[in-house]
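The tour moves from stop to stop, with a selection at each.

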Amino acid sequence: GCMGLAAETLFVGHLCGGDASAAMRLLAQTTGLSGLVQFLLNPTFGTMSDTFGRKIFFMVGPLTNAIANLCCALFPTNVSLFAVTRVVAKAMITLSGSTVCAAALSDLASGDALSNAFARLGSCASLGVCVGPLIGTAMLSHGVSITSCYFVQAMAGLIHTMVVVVLIRETLPREDRRPFVGFKNPFSFLQLFTSGRPLRLMSLSCGFACFADGGNLNDIEQMWIANDVVDMGLTANSIYLSSWGILGSAGGLFVPAALPILGKRLFATATTLTNFLACILWGAVPRAWAMFGGICLHFPGINANSSLPLKTQATEIAIASGLGRGEFAGYFGNLRALTVAVGPFLCGNMYAWGRTVAPGRNLGYWLAALLGCVLPEVFHRMLSDSDFDSEDGVIKKEVGGETSEAKDSGQSS
């Protein structure tokens, strides 16, 4: 999904006749529509996976990716086709790789083992975001045409689809599937806040934690570096962006190592604190050392890992209250989608306003510290220890067609 980022910019420029403003509008509009499609379909996608199983929905993302890239390669001058395929492909890749994958992981593990699995999912996503564009850039730098890049992406999508077909087993047994209840209202995710106090507080904490996630901070980060960080050129920025992918991938190793030592509650508090300190440092000092120092502080809670113990516990509570695993994953996906839509807008406007009232400070980062660190910890502290009582580190394994449970040994299931 990220392999074509470099080629896409050139491709859209050609589509729009070299008009950079028109190209930017096309990318922004299709990205926004993709987010809207995700918001509309998240609950339904998750609920349908509770009925028909996870595997078929795992295939939707890569197969759509293959078809969309093939259409772009075959019809490189059709603006409308590009817009439609980009919206659909971006939405399906996210729904398939995030919503359904989260549901499948919860089929296979619970407790700390599920937190570790969620962390590894974030690590794999970070690795893809880091390596994919490098492959695409390497192809372009070696004379591969833009159209050929789209053919290569289509081939990658087909290979991905075949990997799912051949190697991935269905995680939801037929006897555990739920009757199909029809298409879900996208605002049905509000059920997270009406299903008891613990689930409400955990959902609020996890939702607000996304405001301090790297995806929500990217816009103000790049504007801050381009306009205010006085000693950070293109080379340093390139290294800084690469470090996001590297540390994001390493985060999946940190969680399994630290969670058994600190426990759920102390892990959540400690990593929320390091996220807070990172945002404060980023916003306070317009220097390269502060940008690199901030990402080192952010590392323990990167990819919203600070909220993983609460997300895992919320999953267990939601299932116990009668929600399907896919249904909960869809609801949580919509909750996160709202923060992705609102976060950059709020922090971006705060940054713009702060350049006038507080030169040399990025108030957008400080707003992220308030919304993404202080408020999540407030909601976390409102929970009691009894709200976290459950068996930790359980990996569910299929043995001879039956399901057994085993303690997590720290190894990948």
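**Stop 1**

Select Ala 304, which lies in the loop between helix 10 and helix 11. Helices (DSSP H or I, at least four residues) and strands (DSSP E, at least two) are runs numbered from the N terminus. This is a predicted model: local features need pLDDT of at least 70, side-chain atom pairs count only at pLDDT 80 or more, and totals for chains, interfaces and linings use all residues. Residues are numbered from 1 along each chain as its sequence is written, and side-chain values use heavy atoms, with hydrogens and water left out.

Most residues other than glycine have a negative phi. Ala 304 has a positive phi, near 60°. Is Ala 304 buried or exposed? Ala 304 is buried, with a relative accessible area of 9%. Buried means under 20% relative accessible area, exposed over 50%, partly exposed in between (1.4 Å probe, protein chains only).

Now select Asn 303, in the loop between helix 10 and helix 11 (308-320). Its phi is also positive, about 60°. Asn 303 is partly exposed, at 27%.

**Stop 2: helix 9 against helix 10**

Select residues 234-284 (helix 9) and 288-298 (helix 10). Their axes come within 7 Å and cross at roughly 30°. The axes are lines fitted to C-alpha atoms over the stretch in contact, and angles run from 0 to 180 degrees between N-to-C directions. Contact residues (heavy atoms within 4.5 Å) include Trp 244 and Trp 282 of helix 9 and Trp 289 and Phe 292 of helix 10.

**Stop 3: salt bridges**

A salt bridge is a side-chain nitrogen of Lys or Arg within 4 Å of a carboxyl oxygen of Asp or Glu. The count comes to 10.

Select Asp 50 and Arg 54: this salt bridge has its closest N and O atoms 2.9 Å apart. Both residues are buried. Arg 325 lies in helix 12 and Asp 107 in helix 4, so the pair ties together parts 218 residues apart in sequence.

Next, select Arg 265 and Asp 385, with closest N and O atoms 2.9 Å apart. Arg 265 lies in helix 9 and Asp 385 in the loop between helix 13 and strand 2, so the pair ties together parts 120 residues apart in sequence. Arg 265 is buried, at 14%. Asp 385 is exposed, at 54%.
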